[in-house]
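This report describes how one protein chain is divided and how parts of it pack and pair. Please look over the sequence and the structure before reading on.

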Amino acid sequence: MSHHKPKRLSADFAVLLTQHGKESVIGPVLAGDGLLTLRHTDAFDTDTLGTFSGEIERTLSPVDCARHKARLACELTGASIGLGSEGSFGGGPLPGLVGWDQELLVLVDLESGLEIVASAEGPFETREWEATDADSLRAGLQARDPRQGWLLQTDGYLDKGLLGAEALLQSASRLFEQKTGCAPGEGDPFPWPLRIQPDLRAMVCPERQVAIRKAAENLRERLLSRCPGCAAPDFWPDQLDFGLPCGGCGFATGCLRQRRAVCAHCGAEECYPVEEQFADPGRCQICNP
Ligand SMILES: [Zn+2]
Ligand SMILES: [Zn+2]
């Protein structure tokens, strides 16, 4: 292992490609340990790679999309280290019942060949709601985070980044006028319940900002976690080994046995067994088929 050249970052700054203000969330986390200064570029319209509101379909997987943005950031600026961020919604342990947000942050260092995929995921509470008139719209907004932006979308009509009651009511008027030929007067019920969806772009979505910060913290920890063999960063227990023996019969169960870190550069390995030595026989295919 010793003849491998140590892998280290080739620069002390990285460039993030974003038009959605993510630099203010990610930058301070990486600057904290003097790891990386974050610069950002908006020289490319990342919405052409797909939007949450669906006007442009995403064709790349989330990790490929984040990687692509990281490489674009390098290409556009000439920097050697690029960062790409990508969020995806849905999935999780109870799809359809519990909202779920996964945030990925991919760092590519074109010069050293390092690539780090950091992530954070968890429940996501912000969801769509309905209002039947101006009063119920105002009341609904008061019960929600005032920093959250909303969007109105009905076949052919799309208005994003709506913050506050006045912006939403004006947009609703335009929508109803476009669809029915006349806008409802102040105090009138809406012609149909207005569907108000969250705008998931980071700068108008505080709940997502929290998740992006967690992904940035994961990236920071991965950068600080060095391989014992060659000191490359991102020595991280990503590999999961299952087969914890059953406490009743000793048969390998589907329960997690250990996590394992494997260095992508020199192959050094470290295992982190789970605390329990045996699995509950209730989880065993032989004791509890
Ligand atoms: Zn190594
Ligand atoms: Zn058993």
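Two residues are taken to be in contact if their C-beta atoms, placed from the backbone, lie within 7 Å. The model discussed here is a predicted one.

## Packing of helix α1

Helix α1 covers residues 23–31, and its buried residues are Glu23, Val25, Ile26, Val29 and Leu30. Seen down the axis of α1, these buried residues fall within an arc of 160°, so they line one face of the helix. The elements against which the buried residues of α1 pack are the strands β1 (13–17) and β2 (37–41), together with the helix α5 (206–224).

## Division into domains

The protein is divided into three parts, of which domain 1 is made of 13–124 + 205–224, domain 2 spans 129–198 and domain 3 spans 239–283. Taken over C-alpha atoms, the centres of domain 2 and domain 3 are separated by 52 Å.

## The sheet of β10, β11 and β12

Three strands form an open sheet in the order β10-β11-β12, and their pairing is antiparallel. Strands β10 (239–242) and β12 (269–273) stand at the edges with a single partner strand each, so one side of each is left without a neighbour in the sheet. On average, and with direction ignored, neighbouring strands of this sheet are turned by 25° against each other.

Strand β11, which comprises residues 256–262, runs antiparallel to β12 and is joined to β12 by five bridges.

How values were computed
Residues numbered from 1 in each chain as written. Chains lettered and ligands numbered in written order. Predicted model: local features only at pLDDT ≥ 70, side-chain atom pairs only at ≥ 80, totals over all residues. Pairing = 2+ DSSP bridges. Helix = DSSP H or I, 4+ residues; strand = E, 2+ residues; numbered from the N terminus. Axes fitted to C-alpha atoms, helices over the stretch in contact; angles between N-to-C directions. Buried ≥ 20, exposed ≤ 12 C-beta atoms within 10 Å, placed from the backbone. Arc of directions from axis to C-beta. Domains from an automatic or database assignment.
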